[in-house]
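Please look over the chain below before reading on. A short report on its fold follows.

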Amino acid sequence: MSVEARLEVAGVKELKAKLEKLDFNLKGKVSERLAEIGNLIEERAKQLAPVRTGRLRASIYSRLADWILTVGAKAPYARYIEFGTRWIRPRHFLLGAIQENLAKIENIIRQAVFSAVSEATA
């Protein structure tokens, strides 16, 4: 005598399709919003950067690749201005711009996730 149980899950194909749609929407929406955040931080960092020749300000950039937002400055002396030295006090133009936008970053990403989820489940 044998005992057998069978379990069938209905809607797996539909669930898989919705998850794939969510993944696509999420990547697009979050990437789009991260690029916007990068532009905000870049502009604020340029406002906060000290200006003598304008070289530091002109070297500030933001770049988005594979969900990683990078904000920096290419001027060779940027790190000394940002973090200071024994003789120069730090002027956190990059960190200051990031800190000022932390709440916006959280809200923008949260909105992008909610938007992607609602579009995928509609």
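The report covers confidence, then the hairpin, then the helices.

**Confidence**

This is a predicted model. The mean pLDDT of the chain is 86. At least 70 is reached by 92% of the residues. Helix α2, residues 55–59, has the highest confidence, with a mean of 96. Helix α5, residues 102–121, has the lowest, with a mean of 81. Where pLDDT is low, predicted coordinates should not be read in detail.

**The hairpin**

Strand β1 spans residues 60–65 and strand β2 spans residues 68–73. The two strands pair in the antiparallel sense. Six bridges join them. Alanine 65 stands opposite isoleucine 68 of β2. Together β1 and β2 make a hairpin, with two residues between the strands. In the turn, aspartate 66 has a positive phi of about 50°. In a regular strand, side chains alternate between the two faces of the sheet.

Which residue lies over the face of tyrosine 61? It is lysine 74, at 5.3 Å from the ring centre. Aromatic pairs, by contrast, come to a count of zero.

**The helices**

Helix α4 covers residues 93–100. Its buried residues are Phe93, Leu94, Gly96 and Ala97. These residues sit on the same side of α4, because they cover an arc of only 165° around the axis.

Alanine 17 belongs to helix α1, residues 12–48. Isoleucine 108 belongs to helix α5. Isoleucine 108 has a relative accessible area of 13%, and the limit for buried is under 20%, so isoleucine 108 is buried.

What does isoleucine 108 touch, leaving aside residues up to four places away in sequence? Its contacts are Arg33 and Ile37.

Two C-alpha separations set sequence against space:

| Residue pair | Apart in sequence | C-alpha to C-alpha |
|---|---|---|
| Alanine 17 and threonine 121 | 104 residues | 9.9 Å |
| Isoleucine 108 and threonine 85 | 23 residues | 35 Å |

For isoleucine 108 and threonine 85, 23 residues of chain go with a separation of 35 Å.

Notes. Residues are numbered from 1 along each chain as its sequence is written. This is a predicted model: local features need pLDDT of at least 70, side-chain atom pairs count only at pLDDT 80 or more; totals for chains, interfaces and linings use all residues. Side-chain values use heavy atoms; hydrogens and water are left out. pLDDT is the predictor's confidence in each residue, from 0 to 100. Helices (H or I, at least four residues) and strands (E, at least two) are DSSP runs, numbered from the N terminus. Two strands pair if DSSP finds at least two bridges between them. Rings of Phe, Tyr and Trp (its six-membered ring) pair if their centres lie within 6.5 Å; planes under 30 degrees apart count as stacked, over 60 as edge-to-face and the rest as tilted. A charge sits over a ring if NZ of Lys or CZ of Arg is within 6 Å of the ring centre and within 35 degrees of the ring normal. Buried means under 20% relative accessible area, exposed over 50%, partly exposed in between (1.4 Å probe, protein chains only). The arc is that of the directions from the helix axis to the C-beta atoms. Contact means heavy atoms within 4.5 Å.
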